[in-house]
Amino acid sequence: GHSLTRVLTPAFYAAGKPSIPVRVAMVSVVFNVLLSVARMTRLGVVGLPLATSLVALSSAGWLGWKLRPLVPGLGGRIMASSIIRSLVASVLMGGVVWVLAGRAEVWLAVSGYGGKFAEAVVTGGGLVAGIGLFAALAWVMKIPELHDFLDLVKRKVVKR
């Protein structure tokens, strides 16, 4: 969500509509505070990043929606299909990594490894597993951006 917002915002300035991202940002800050408080009461400190992520995603969606009339051809079925496939791949990847991280924590604790070492193993392993799983899902689901990325890497490697 944050990355997409960073990409979409300059388009409004280029289109002479800087007030749109400013208004979205103002509403997002208020919404983030309210959602953070609401989530913290039920989930504790985990509610803060959850609220921030949800607000970032909704802000990016709102900006994308507001940008459609300014950029002909933006949106459409191809983009919607890619977004939906990326979202499905992300949710599946997140669920698998969450389950694996929980099991790894238990296994490390039972094995006598704990503390910072276990945190580093779970974090690093989750990162590697998440990247690999998302790439595999993107390949299987034929997410076009993966192929664009791979083509870019090939051009860079061949260029050297």
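**Pockets of the predicted model**

The lining of the second largest pocket comprises six nonpolar, three polar and no charged residues, where Ala, Val, Leu, Ile, Met, Phe, Trp, Tyr, Cys and Pro count as nonpolar, Asp, Glu, Lys and Arg as charged, and the others, Gly among them, as polar. The model is predicted, with pLDDT of at least 70 needed for local features and 80 or more for side-chain atom pairs, while totals for chains, interfaces and linings use all residues. Residues are numbered from 1 along each chain as its sequence is written, and side-chain values use heavy atoms, with hydrogens and water left out.

A pocket is an open set of points on a 1 Å grid over the protein atoms alone where a 1.4 Å probe fits, with protein on both sides within 12 Å along at least five of seven lines; lining residues have an atom within 4 Å of a point. The second largest pocket holds about 290 Å³, a volume being the space filled by probe spheres set on the points, which are joined across faces, edges and corners. Its lining consists of Val46, Leu50, Ser53, Leu57, Leu87, Ser90, Val91, Met93 and Gly94.

The largest pocket has a volume of about 1,000 Å³. It is lined by 27 residues, of which Leu4, Met79, Ser82, Ile83 and Ser86 are the closest to its centre. Two or more lining residues come from each of H1 (2–14), H3 (47–67), H4 (76–110), H5 (115–140) and H6 (144–159).

Definitions and conventions: Helices (H or I, at least four residues) and strands (E, at least two) are DSSP runs, numbered from the N terminus.
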